[in-house]
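Subject: Structure handover

Hello,

Here is the structure for you to look over. My notes follow it.

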Amino acid sequence: MDRPLRLISSNPLDQLARTLEALLVVASAPLPVEELAAAADDDPERVETALGLLGERYREGRSGIVLERVAGGYAFRAAREAAQACGRLFERPVQRGLSQAALETLAIVAYLGPCTRPEIARIRGVAADSAVAGLVERGLIAEAGREPGVGGAVRYRTTPLFERVFGLESLSQLPRLDDVGEDAGEIRERLEAVAERRGA
């Protein structure tokens, strides 16, 4: 039987854990260990240890919220058993189903980004304006500068929210194109063709 939830002690590590807990509650995005250490004015190794304490307290099946490592940092999320109740309370735009066009565009930006709308359109074979605008509105992609030269096209990259929504610690955890299926060859050829044009 699990012990009651508690994190009350005068020991300095528990005090650090409470500070980290507060920082994670007020944060609007996942926080990496280095940022947590700077805000708590403490050593990164001690922060890692204190996060372990929090992870045990806030784990799936023991608490209504769960501490997870995602998008290169740490963040709280609702426990799976509370997902339906949270969904009834409010609907987040990023949780509504994405269209096929949006999913294709998101995949291109995730694998090739930062990339421009014209590049996305060349890969998909159709205009990408609407899909890009929708993904920006949902917070899944964001502007990442412009192509060199006067009037250069805006480049887009995925956001930490994308990684959080899809449960990725970083983009390196995306599936390899070899594992995608039959269309992987064609997808890779299109991506490589655009990448070559960009390098020219």
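How many residues does helix 3 have, and how far does helix 3 reach from its first C-alpha to its last? Helix 3 (residues 44-57) has 14 residues and reaches 20 Å, close to the 20 Å expected at 1.5 Å a residue. That expected span is 1.5 Å times one less than the number of residues. Helices (H or I, at least four residues) and strands (E, at least two) are DSSP runs, numbered from the N terminus.

Ground rules. This is a predicted model: local features need pLDDT of at least 70, side-chain atom pairs count only at pLDDT 80 or more, and totals for chains, interfaces and linings use all residues. Residues are numbered from 1 along each chain as its sequence is written, and side-chain values use heavy atoms, with hydrogens and water left out.

Confidence. The chain has a mean pLDDT (the predictor's confidence in each residue, from 0 to 100) of 78, and 77% of its residues reach 70 or more. Helix 2 (residues 33-40) has the highest mean, 93. Helix 9 (residues 184-199) has the lowest, 54.

Helix 3. Val-47, Ala-50, Leu-51 and Leu-54 are its buried residues (buried: under 20% relative accessible area; exposed: over 50%; partly exposed: in between; 1.4 Å probe, protein chains only). Seen down the helix axis, they fall within an arc of 110°, so they line one face of helix 3. The arc is that of the directions from the axis to the C-beta atoms. Their cover includes helix 1 (12-26), helix 2, strand 1 (65-70) and strand 2 (73-78). At the start of helix 3, a side-chain oxygen of Asp-43 comes within 3.0 Å of the backbone nitrogen of Glu-45.

Helix 2. Its buried residues are Val-33, Leu-36, Ala-37 and Ala-40. They fall within an arc of 100° seen down the axis, so they line one face of helix 2. They pack against helix 1, helix 3, strand 1 and strand 2. The face turned away from the buried side carries exposed Glu-34, Ala-38 and Ala-39. Just after helix 2, Asp-41 takes a positive phi of about 55°.

Three strands form an open sheet, order 3-5-4, with antiparallel pairing (strands pair if DSSP finds at least two bridges between them). Strand 3 and strand 4 (141-146) stand at the edges with a single partner each, so one side of each has no neighbour in the sheet. Strand 4 and strand 5 (residues 154-158) pair over four bridges. Glu-143 stands opposite Tyr-156 in strand 5.

Thr-116. This residue is in strand 3 (residues 115-116). Thr-116 is buried, at 4% relative accessible area. Leaving aside neighbours within four places in sequence, Thr-116 is in contact (heavy atoms within 4.5 Å) with Glu-147, Ala-153, Val-154 and Arg-155.

Best wishes

How values were computed: A polar contact is a pair of N or O atoms within 3.5 Å; within protein, one must be able to donate a hydrogen and the other to accept it, and residues adjacent in sequence count only if both atoms are side-chain atoms.
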